[in-house]
Structure formats: C-alpha cells, structure tokens
Amino acid sequence: MAFAGLPLMLLVGALARIPGSEGGKEIPAHFLYQEKVECRFLNGTQRVRFLDRHFYDRQEYVRFDSDLGKFVAVTELGKEDADYWNSDKQLLQYTKAQVDSLCRHNYRVYSYKDERVIGRRTKPTVTISHTKMEPNSPNTILLCTATGFYPVEIEIQWLKNGQPEKEGVAYGEEHQNGDWTYQLQVMLETHPQRGDVYTCKVEHASLKDPITVQWEPHTSSSAKSKLWTGIMGAVIGVAFFAVGLFSYLKAKKAIPIQPPAALMN
C-alpha cells in the first residue's frame, strides 16, 4: 500500500461556518479552522482515495470521502455541513472529480519530478525485546519493534508456536522518524512456558517475503542454579554409590573360603 498526502492547511474564519454558532450563539474571538486534503494511492493510480477533511480547534468534524462519494459527519457538529454540502449537486460533482483532477494528476507530476517520493520502498528492521510489568508477575511483556520502513502501511502479527495470538495484543501508533520512514511497536502480554516459541511476523510492501523474528523463554538464574544443584547432587550420589558398591564387592572377594568341618577332621 503506497500513500501520498497533499496537505492543504487553511487558517480561515470568514469562509467557514463556525460549529456551534447557530441560533445566534456568540462566536469566539479566536478560533482555528483547518482543511486538509489527502490523496491515498494503492498500486500506483490503480485505486485512489480522495479525502477532504475539515477541523475546528484541531478536531475533525466533517469530511468528504471519495470511497463513499459524499460528505460525512465525523462528529455531531458536522452533520449540518454534511447535509448542506451533499445537497449542492454542483459542489458534490466538483469534489468527486478531485480524484482525477487533483490526485492522479499530481501523482504523474511527482512521478516525473522526483522518483524518491513516488514508488519509494524502504525495508523495516525488526527486533524483539521483553520485560515484566511487575517483578513477581508470571506474565512477560514482549515488544516487537519495526523501524525505518516506508511506506507507512505495515502488518505486524504475533505467533505462539506457529499459531496467531489474539489475546493480550496491543498496537501502538506509527511514528515518523523525520527521514521519510516510520516505526511501530506491537505488544504481547503472555505467560511463557518452557519450550514455547514466539514469533513476530512482519509484512510490508518493501518485502518479497515476510520478516520473522523468534523469541524463546529462558530459564531464570535461580532456576538454573537449582537445576545444576540437583544435577550435581545426583552425580555425587551416583559416585558415592559406585564407590560403596566397589568396596563391598572387593571386600567380599577377599574373604577366604572356609572348608566344611567334616573335611577338616
């Protein structure tokens, strides 16, 4: 999945209806209205999704979604705008046309000007780390971290003994690294048993085959100490038994055989 965004940030007041200003309500002295336009591409221009998103004080309240072909309210404040704009057939037709006139057009422009942006692929680096939320807890927190990948779309899955894990999985948010790459962490809280094998499986557009990284629970130091103590005790016990048995057999062999009393007479 490739993604390209063409943001248009507008700080305006007079051109926008202010949510909450209906019915003679007092308009705040200072407010922030933003409009952000996005073009999302899948397999080049084979499938294009156009979004026209509107924000009031950093909260999105209404958007146009080309997959739906209409404006939709994100919050209750956007319902009146969505209904009004959807009733304007000319505006609706113009907005639908942005898939071609804006998105596909600019895709070709950027493809020609800068190949580093369009079609760029960067493989992720995948690592696993583990910790405990509480020292005495039997559960372990496993973190699968994928970093340095582009585009942003990525799929990360936890497997236990080859089977997908559904419970105890939590996904973080993608973070930008500032160099056109992203990073993402997926957590798994689990109770590992000796012999279990955990696998983090990562699929990405830059990869021909998924990346898999494995983690296995290791015996703790105290458990290892007890194990070695038991083994050494068993070895010493066997050694003492062998020495005792050897001494017994040697002593038995050294006892002279006494002839019967009748022969002695």
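## The link between C39 and C103

In this predicted model, the torsion about the S-S bond of C39 and C103 is about -75 degrees, so the disulfide is left-handed. C39 sits in strand β1, which spans residues 33-42, while C103 belongs to helix α3, residues 98-113, so this pair ties together parts of the chain that are 64 residues apart in sequence. The sulfur atoms of C39 and C103 are placed 2.1 Å from each other.

## The link between C144 and C200

The structure holds 2 disulfides, and C144 and C200 form one of them, with their sulfur atoms 1.8 Å apart. C144 lies in strand β6 (residues 140-149) and C200 in strand β12 (residues 198-204), so the bond ties together two strands through residues that are 56 apart in sequence. The torsion about the S-S bond of C144 and C200 is -75 degrees, which makes this link left-handed, and both C144 and C200 are buried.

When the bonded cysteines of the protein chain are numbered in sequence order, the pairing reads 1-2, 3-4.

T127 is found in strand β5, which covers residues 125-131. With a relative accessible area of 41%, T127 is partly exposed, because that class lies between the 20% limit for buried residues and the 50% limit for exposed ones.

Leaving aside residues up to four places away in sequence, T127 touches L143, C144 and T145, and C144 is the cysteine that is bonded to C200. The C-alpha atoms of T127 and Q185 are separated by 9.7 Å, although these two residues stand 58 residues apart along the chain.

## The chain as a whole

Among contacts between residues at least 6 apart in sequence, 53% join residues that are at least 24 apart. The protein chain exposes about 18,100 Å², and carbon and sulfur atoms supply 55% of that area.

Notes:
Residues are numbered from 1 along each chain as its sequence is written. This is a predicted model: local features need pLDDT of at least 70, side-chain atom pairs count only at pLDDT 80 or more; totals for chains, interfaces and linings use all residues. Side-chain values use heavy atoms; hydrogens and water are left out. Helices (H or I, at least four residues) and strands (E, at least two) are DSSP runs, numbered from the N terminus. Buried means under 20% relative accessible area, exposed over 50%, partly exposed in between (1.4 Å probe, protein chains only). Contact means heavy atoms within 4.5 Å. A disulfide is a pair of cysteine sulfur atoms within 2.5 Å. Accessible areas come from the Shrake-Rupley method with a 1.4 Å probe; for residues, only the protein chains shown count as cover.
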